[in-house]
Amino acid sequence: MLTQTQKNRVEELLSQMTLDEKIGQMNQESPSIVGGFDVPFPELIEMLNDGRITQEEFGKIMSTAERDFHEDDIRAGLVGSMMGDDPVKANELQKIAVEESRLGIPLIMGFDVIHGLRTVYPIAIAEAGSFDENLFERTARVAAKESRAHGINWNFAPMLDVARDSRWGRVSEGPGEDPYLASVFAGAKIRGLQGDRSSVENYVAACMKHYIAYSACESGRDYNTTSMSVSQLYNVYLPPFRAAVEAGALTAMASFNDLNGVPCTVNRWTLRDILKGSLQMPGFVVSDANGIRECVTHGIAEDDADAGVQAANAGLDMDMGTHIFRDHLRKAVEDGKVSMDVIDDAVRRILSVKMWLGLFDHPYVPEETIRSNAVIPDEHRAVALEAAKKSIVLLKNEGQVLPLDRSRKISLIGNLADMSEEVIGAWAMSWKREDCVTIRSGLENAGANVTYYPCGGPEGEIDFAQVEKACREGDVVVAVVGELVSMSGEASSKADTRIPGKQREMLQAVLESGKPLVTVLMNGRPLALKWEKENLPVLVEAWHLGIEMGNAVAAVLMGDENPGGRLASTMPAMTGQCPIYYNHPNTGRPGSKSKFTSKYLDAPLGPAFPFGYGLSYTTFAYSGLTVEELEDGYQIGVTVKNTGDRTGTETVQLYMQDVTASLVRPVRELRGFRKVTLEAGEEQRVVFLLQKKNLGFWNNQGTYVTEDGLYVFYVGANSEDCLCERVMVKF
Ligand code: NOJ
């Protein structure tokens, strides 16, 4: 990661540091809000949470609030990292660190840039559905550049939690349910964030999170306990982190949850043995906010001091949010509870990342870069638009209602169609309202003959008179329904994942009118879509697509873009099926018509739409699956033909099943995918090379094994709809 000269520089610094300065490096600060509003800060947060003030009002209050930026502590060398997205402030604080502290060590500036900074692109679960590795990298590259221009050099991204339970609100932030797709996503995001080191303005340090198994929270409830076998951890939750480290990921954030009884903040096995040991992550680990103190609440540490000792010894290098390292580590070292080696290792890792970032030589954001932040560069907007278009999934198009004929009068209903703050998605923090394109404006920009009727949204009542008017006056009704941004993301788990509020009644009223209905979904989680699948003729999954959402949706509805997105996550039929995912282990009694099989009395066994699913305005046919054995793998070929009447892009998916293994294996596992664009009538042979070494799995001893026996290879358009071939494999 560093040249010898850089390593020497780090060692030289380390040798000059006092214990307090070393511990200072392990301390992260964020600007503390100290006043400037009429009610105490915790009450203000409560007011936001219970709806007494809106997000916008809260933002206004915050923008004038008095803050403490901990300048004195920075000057004293007691702060290693700060949070924030204001480049002017970043320069000011950096100047104190570099010019006024004893050793002049720059701050590493961290921030949550999950799916874009100013140029907000689709939430991860949507973007993952583009199955486009190159796009994953390019969006991250835009985020890296904008971050640096805002004084941020450390992104708390990518979020790599493989998520199988859509009750958990944070499914929106991650790459979906599949470890293989998530690993491709992880590698590309790391290359995008860290890869272009031609100038310090082009890259940041990535912080993969949440390490680990955070998404396996029991009952989908955020922060809840997780427990699983070693094999499950290694096969499902670890792969994207492994892929990220292989691509060079420098840092990680320990998750809040306990794993098999040990909180990840103080988990020596996951931090020291796996992440820093076998995976060899070269940089450092930061806690999640308040994570160290929460170990007391978990009931694993006696008090703050004990939690700090456990965290440092387990391999946690930086404290986010508690000051426990700052306040207690010195005594712990003096009492022999934490060794100097542990402290030195943490500080060496932190300084090395700062060195790798070029902060010692280029600590400031140049003035002209700050000025250029005033507008979004066209090329950034273009990437956001491309990502938004490629993330849209056509779920149903009965009667080929889509694309819409330009001459038709569109009645647009559903408040989400006209709310600029709702295109953004959870965890975007630095967006500007004027940059956001709603579906209403997108349709207007596209020259559609559209009239908007305010009928109601995810919350509150429906104005049925308006619905009736919309149906009467238009040739076709486009209804935008789904979730507000605040209904997914952190601390936003749900026990009922159907389309919220009275939106379904609004859709029903349109159906009863007999007018053609196109339903566009805006949401952060896979919704339970049994009724919608059964009753709605046309269904478009548009997620929260970022600033270009409206233009992207309009392009798909009007036919300027042929949709090619796929589901990166199974869409349940009913919430009670959660967790539901395609790559589940086989039971001894797979669900069937007979009574004593694995199924529900009151819900279908299968999902509304499976992983990998998505339609196009054209159709594709698969034929001629062949499997040819090579020396160290298999060549798997299939012919894909565009059988419709327009050009389209198909995502050809390769799955496998290990049928006879020493552990029960999933019924299918994604092992590759290829996007092909075919003109009407065109066909192409798509060939995958699957290496034998990739047919294995991790056992409960944490060992990767490959086993002789029967395998099935599947190739098709989604995880259910495949051609297959059985193969006896010998290693
Ligand atoms: C809490 C969240 O869990 C994490 O994703 C985020 O990066 C940190 N807080 C910092 O904001």
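A polar contact here is a pair of N or O atoms within 3.5 Å; within protein, one must be able to donate a hydrogen and the other to accept it, and residues adjacent in sequence count only if both atoms are side-chain atoms. You're looking at a predicted model, where local features need pLDDT of at least 70, side-chain atom pairs count only at pLDDT 80 or more, and totals for chains, interfaces and linings use all residues. Numbering starts from 1 along each chain as its sequence is written, and side-chain values use heavy atoms, with hydrogens and water left out.

Select Asp 112, and you'll find a side-chain N or O atom 2.4 Å from a ligand oxygen. The protein buries 92% of the 300 Å² that the ligand exposes when taken alone (areas by Shrake-Rupley with a 1.4 Å probe; for residues, only the protein chains shown count as cover).

Now for the cis prolines. Pick Leu 402 and Pro 403: the peptide bond between them is cis, with omega near -5°. Pro 403 sits in the loop between β13 (393–397) and β14 (410–413) (strands are DSSP E runs of at least two residues, helices H or I runs of at least four, numbered from the N terminus). Then jump to Cys 578 and Pro 579, also joined by a cis bond, omega about -5°; Pro 579 is in the loop between α23 (549–557) and β19 (620–629).

Last, select His 70, a non-glycine with a positive phi of about 60°, in the loop between β3 (66–68) and α5 (71–75).
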